[in-house]
Amino acid sequence: MNRVNNYKYSMGLPALFLFLIISVSGISLITCGVAIHNKIEDTAQSHYTLYTGAEYLSEKIRQSDSFSIEKNGEADAIKLNSGDTVTYVYVYRGFLREYNMLSDAEFIASAGQKLLQMEELSVKETDGIFDIALTDTTGKSISTKISILGGTE
């Protein structure tokens with residue numbers, strides 16, 4: 001009789017071991033999948049923020065009557081002139097912002113509308129070509145070049 005009981009218990013151990021291996025493998029697979037998904041999502045969000053910001057700036061510059069580059073404290077600001085109104089696009093306290101006002105009003109950086117999370121905006125002009133660089137909160141950056149035939153101040 002002992003032989004039969006030992007046989008029953010000895011058959012259960014390999015099944016339990018197999019169950020544990022499958023469970024650990026499943027949990028590991030799910031954990032890896034979550035990590036990969038989070039990385040892809042972060043990369044997609046970063047690309048969205050950067051490309052949207054660059055395209056937004058390009059279109060705003062193209063649609064304005066004229067524009068100029070001004071220093072706003074330590075950061076660059078793009079001043080867009082359209083008739084009686086002036087629009088500033090700049091980075092302030094971690095956000096790309098836009099501030100619309102009448103041309104004779106005073107510029108207040110904190111009053112701008114938050115558009116996208118961004119760390120830095122820099123603009124350099126060389127021979128009529130403007131190099132606009134944006135850096136997001138993760139440290140990734142993108143630059144776009146804009147050539148203007150006329151309309152700069």
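**Rings, core and sheet**

Guide: K114 lies over the face of F95, at 4.6 Å from the ring centre. A charge is taken to sit over a ring if NZ of Lys or CZ of Arg is within 6 Å of the ring centre and within 35 degrees of the ring normal. Please note that the model is predicted: local features need pLDDT of at least 70, side-chain atom pairs count only at pLDDT 80 or more, and totals for chains, interfaces and linings use all residues. Residues are numbered from 1 along each chain as its sequence is written, and side-chain values use heavy atoms, with hydrogens and water left out.

Visitor: How many aromatic pairs are there by the rule for rings?

Guide: Rings of Phe, Tyr and Trp (its six-membered ring) pair if their centres lie within 6.5 Å; planes under 30 degrees apart count as stacked, over 60 as edge-to-face and the rest as tilted. The count here is 4 aromatic pairs. In one of them, Y88 and F107 are tilted, at 4.2 Å centre to centre and with 40 degrees between the planes. Y88 belongs to strand β3 and F107 to the loop between β4 (95–102) and β5 (113–117), so this pair ties together parts that are 19 residues apart in sequence. For Y99 and F107 the ring centres are 5.8 Å apart and the planes stand at 65 degrees, so that pair is edge-to-face. Ring pairs link Y88, Y90, Y99 and F107 into a cluster.

Visitor: Is F107 buried, exposed or partly exposed?

Guide: Buried means under 20% relative accessible area, exposed over 50%, and partly exposed in between (1.4 Å probe, protein chains only). F107 is partly exposed at 22%, whereas Y88 is buried at 7% and Y99 is buried at 15%.

Visitor: Which residues touch the most other members of the largest nonpolar core?

Guide: In soluble globular proteins, nonpolar side chains tend to be buried together. A nonpolar core is a set of buried Ala, Val, Leu, Ile, Met, Phe, Trp, Tyr and Cys residues joined through side-chain atoms within 4.5 Å. The largest has 19 residues, of which I78, L121, I132 and L134 touch the most other members. The largest share of this core, 4 residues, comes from α1. Another core, of 7 residues, lies apart from it and has A77, Y88, Y90 and M101 among its members.

Visitor: What is the strand order of the open sheet?

Guide: Strands of a sheet pair through backbone hydrogen bonds, either parallel or antiparallel. Strands (E, at least two residues) and helices (H or I, at least four) are DSSP runs, numbered from the N terminus, and two strands pair if DSSP finds at least two bridges between them. The open sheet has 3 strands in the order β6-β7-β8, paired antiparallel. Its edge strands, β6 (120–126) and β8 (141–147), each pair on one side only.

Visitor: How many bridges join β7 to β8?

Guide: There are 7 bridges between β7 (residues 129–135) and β8. Among the facing residues, I132 stands opposite T144, and T135 has S141 as its bridge partner. The two strands form a hairpin with 5 residues between them, and G139 in the turn has a positive phi of about 95 degrees. On β8, the covered face holds I142, T144 and I146, while the uncovered face holds S141, S143, K145 and S147.
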